[in-house]
Amino acid sequence: MATLKREDYITIEKNANGVCTIWMDQKNEKINKIGPDLIGLFEEVFSELDKDDSIKAFVLTSKKKDFIAGADIEAFQKVEKPGDWKPIAEKGHAILNQIEKSKKPIVAAIHGNALGAGLEIALACHARIASNDKSTKVALPEVKLGLLPGGGGTQRLPRLVGLQAALDMMLTGKNVFPYPALKMGLVDKVVHVSSLQNAAQKMALELVGKPIKRERNELNLDTVKAGFPAIQKSLMGMVMEAPLVNKIVFTEAKKMVDKQAHGNYPAPYKIMECVEIGWNQGIEKGYAAEVEKFEELILSPVSRQLINIFFAMTDKKKNPYGEDKVKHVHRLGMIGAGFMGAGIAEVSMDDDMHVLLKDINQDMINSAYKTIYGDYAKKVSKKAMTKIELEEKMALLSGSLNYSDLDNQEIIIEAVFEDLKLKQNILKDVEANAKANTIFATNTSALPIKAIAANAKNPELVIGMHYFSPVPKMPLLEIIKTDKTADWVIATCFDVGVRQGKTVIVVNDGPGFYTTRILAPLMNEAQLMLDEGGDILQIDREMNLFGYPVGPITLSDEVGIDVGAHIMSGELMQEMLKQRPDFKVSKTLLEISKAGYKGRKNKKGFYKYDENGKKVSGQVDPNIYSFYGGNARKKFDANEIHMRCGMSMVNEAALCLQEGIIENPLDGDIGAIFGLGFPPFRGGPFRYIDTLGAQQVVDILNDLAAKHGARFKPAQILVDYAKSGKKFYNK
């Protein structure tokens, strides 16, 4: 018997046409979630309604803005040992099989998100119809939590859309919008949201007399009538999914996973195993494998860390300074129409903010227009946006060469080159033209906000908003406050960041703030190893294997060698050397920058680039080693590379907490993972310390200090935690 009351989740509506609509509307929740209690409730409801002779068919739909947002992830945290999840999973499979085998057709009417278990329920239905709304998307994102689709998704999805499309969805966890979903056969119809319920009922009644025939890759008269593309598609599908040839599909998928995951994430491999077992040995064995391997993953440390990150991201949507302090931003001024400025403008327009782009060069403004238009045009081509919506978005954007036009914005952000005097002058010009109480935010990666605001008339209105490139893709926003920044200013900027789709952390002012400061020692250590005769390819490869998506040498090329040299020779390093005179700094990057090397942007960096600016795989610049003593290179022990680079960042993160740059370990972990690519499966610097134990971290750092110098001296907070046995997190 279900412990969840029916009225807490489900409303039954019996229509005169014989269609029964099952409305999902979970009480006291913003979204519908699937948990163990609901599984039992579904069994009860469908068993009862299936016996009602007045009902011909069902429509399963939602009263909320989303269909079902996924599983109740909190339930996963209660699984402590093997066997805890298996009965729940088997019960879930039985209910979904009951839905699938119902003699009365069941149509899933999808509006909003149908994610994870939500999509798996829809897959068990006899047909799926989706609204064409931009909020509607389907996905199996479990891999992002270190899990696999545990409700039959690894079996039903490949049989519905084919091996390649299914593996692509499950191994990436990507969102699929309505029209691409229709094209791949994931949904059967797309309609306007106002027509969704009527269309779903009509489809359900049609299925009573004529079920949808779903023989994939079948060559028949209908295929021939459809023409050559349909015949070609069927033949290709038949070839690729044949028992002998499908091994190629799995082999290629594994190569892709190996390249991206480096063996650090077990979930993609388990997904492929489940699909392959079900595909080649039968669906029942596939279901059994899914149950077994899901539980293995749910108990794995990788999944625990990724779930911790998920909850942290959710927590970071709440404004720590209070919603009551937020002044809603309608209009945003953007000074600097370069790559960063265009990106900040675009994510602001995504949430319907009016953006005025200010630059000294009209060509830069035109280029920004073109970039933003191009990004929206890509969404139109994928039918994730309509042409009308594109034009509406572009209508939010305007440009100007004059500061006088920045007189009607609630916030003005500048994103110009890292030059203190330049930023101070821009602030002066803004204060001379902006209306009262306009927030001035500087997108700096290292310059202290207090220094930028040194001559400000209203320092309480000055704040740092550090975005990461490319802005539309990078998830983090680091807000930097000074001791003078007003709380309402911080609250408003936090709200702007969340509206821009960012995960936001708030840190205190200081050279390099948090993210740049903890990155600098890692980048410096990589340079020191090159000074010692290290190999560029090995250092990058080993840091990839440690879990960073981009190696430190590649990152120098991507960010810009000139930018890196500017930071490494600027106030951040000067302050670090003042506080820690024994901190050894490599000067080679500065020499390389002076020689005209800027990295990928001028096709002259550590790596070799072709004429289009694409990195030539596995080839370094032929002259780069001349800056490091010649081409004779040596190999370092892999663990030495991991620890010297990795622990440089970890120790610096601990120092930032010790000094109050960050106010809690969670901000430190979120900033490192989402801003710098710290290995997510390790949970962030502070979760990583907890996993190893503070004493082991102190021992590693002391050993590194003995071999390589005092820059590895453990932060006092680590020594204290080691003595007391304390952890940064309680769970």
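Predicted model: local features only at pLDDT ≥ 70, side-chain atom pairs only at ≥ 80, totals over all residues.
Buried, in what follows, means under 20% relative accessible area.

Start with helix α6, residues 163–172. Which of its residues are buried? Leu 163, Ala 166, Leu 167, Met 169, Met 170 and Leu 171. What covers them? The cover includes three helices named here by number, α4 (117–124), α5 (153–161) and α11 (246–261). It also includes α12 (267–281) and the strand β9 (137–139). Now look just past the end of α6. Gly 173 sits there, with a positive phi of about 70°.

Next, strand β2, residues 19–24. Here 6 of the 6 residues are buried, so β2 is largely enclosed by the rest of the structure. Take the two faces in turn. Val 19, Thr 21 and Trp 23 point one way. Cys 20, Ile 22 and Met 24 point the other way. Residues on both faces are buried.

Now the neighbours of β2. On the β1 side, that strand covers residues 10–14. β1 and β2 run antiparallel, joined by 5 bridges. Together β1 and β2 make a hairpin, with 4 residues between them. Gly 18 lies in that turn, and its phi is positive, about 95°.

Then β4, residues 57–62. How many bridges join β2 to β4? There are 6, and these strands run parallel. Trp 23 has its bridge partner in β4, at Thr 61.

To recap β2: it is antiparallel to β1, parallel to β4, and buried at 6 of its 6 residues.

Key. Residues numbered from 1 in each chain as written. Heavy atoms only, no water. Buried < 20%, exposed > 50% of the residue type's maximum accessible area, 1.4 Å probe, protein only. Helix = DSSP H or I, 4+ residues; strand = E, 2+ residues; numbered from the N terminus. Contact = heavy atoms within 4.5 Å. Pairing = 2+ DSSP bridges.
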